[in-house]
Amino acid sequence: MRTIVEVSGVVATTAPEAFAGIERWLKEHSAPAEADRERRTLVSQGGWWYRGEYHVTADPAGARVTHRVLNAAEGQWWAVLPANRFLIGFRPRVRAGFAALLAELDQGIA
């Protein structure tokens, strides 16, 4: 699998609370996710290429959340680029969505 974009940030909450918030957020946004509570990892996979991973770790300031979008296409992985118009604007949209998620976690909304 190839990483397309990776973003990370710290929220002022505990790692377990951040993990639970992300899990709720994914459910609200109809993104079924596999949860590994021991490792604080959530994985959402859909379509023929998309795999989103969220990892939560403790941080002195609260919890560090890392989100990776991976190309999970088997075989002709390169076809993801033209099929998605070379992912133009994709990275900024991922960053903006992730920033919104972190803000919700900080406010206790997610």
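Helices and strands are here DSSP runs, numbered from the N terminus. The model is predicted.

Begin by selecting R40, which lies in the loop between β2 (34-36) and β3. Its phi is positive, at about 50 degrees, although R40 is not a glycine. Most residues other than glycine have a negative phi. With a relative accessibility of 27%, R40 counts as partly exposed, because that class lies between the limits of 20% and 50%.

Next, select strand β3 (residues 41-46) together with strand β4 (residues 50-59). The two run antiparallel and are joined by six bridges. Within this pair, V43 stands opposite E53 in β4. Three residues separate β3 from β4 in a hairpin, and G47 in the turn has a positive phi of about 65 degrees.

Ten bridges pair β4 with β5 in the antiparallel sense. Here V56 may be seen opposite V65 in β5. This pair also forms a hairpin, with two residues between β4 and β5.

Finally, turn to helix α1 (residues 15-28) and helix α3 (residues 90-107). Their axes are 10 Å apart, and the helices pack at an angle of about 125 degrees. The crossing of α1 past α3 is right-handed. To display the contact, select A18, G21, I22 and W25 in α1, which meet L101, E104 and L105 in α3. The residues of this contact comprise five nonpolar, one polar and one charged.

Conventions: Residues numbered from 1 in each chain as written. Predicted model: local features only at pLDDT ≥ 70, side-chain atom pairs only at ≥ 80, totals over all residues. Heavy atoms only, no water. Pairing = 2+ DSSP bridges. Helix = DSSP H or I, 4+ residues; strand = E, 2+ residues; numbered from the N terminus. Buried < 20%, exposed > 50% of the residue type's maximum accessible area, 1.4 Å probe, protein only. Axes fitted to C-alpha atoms, helices over the stretch in contact; angles between N-to-C directions. Left-handed = near helix turned anticlockwise from the far one by under 90°. Contact = heavy atoms within 4.5 Å. Nonpolar A, V, L, I, M, F, W, Y, C, P; charged D, E, K, R; others polar.
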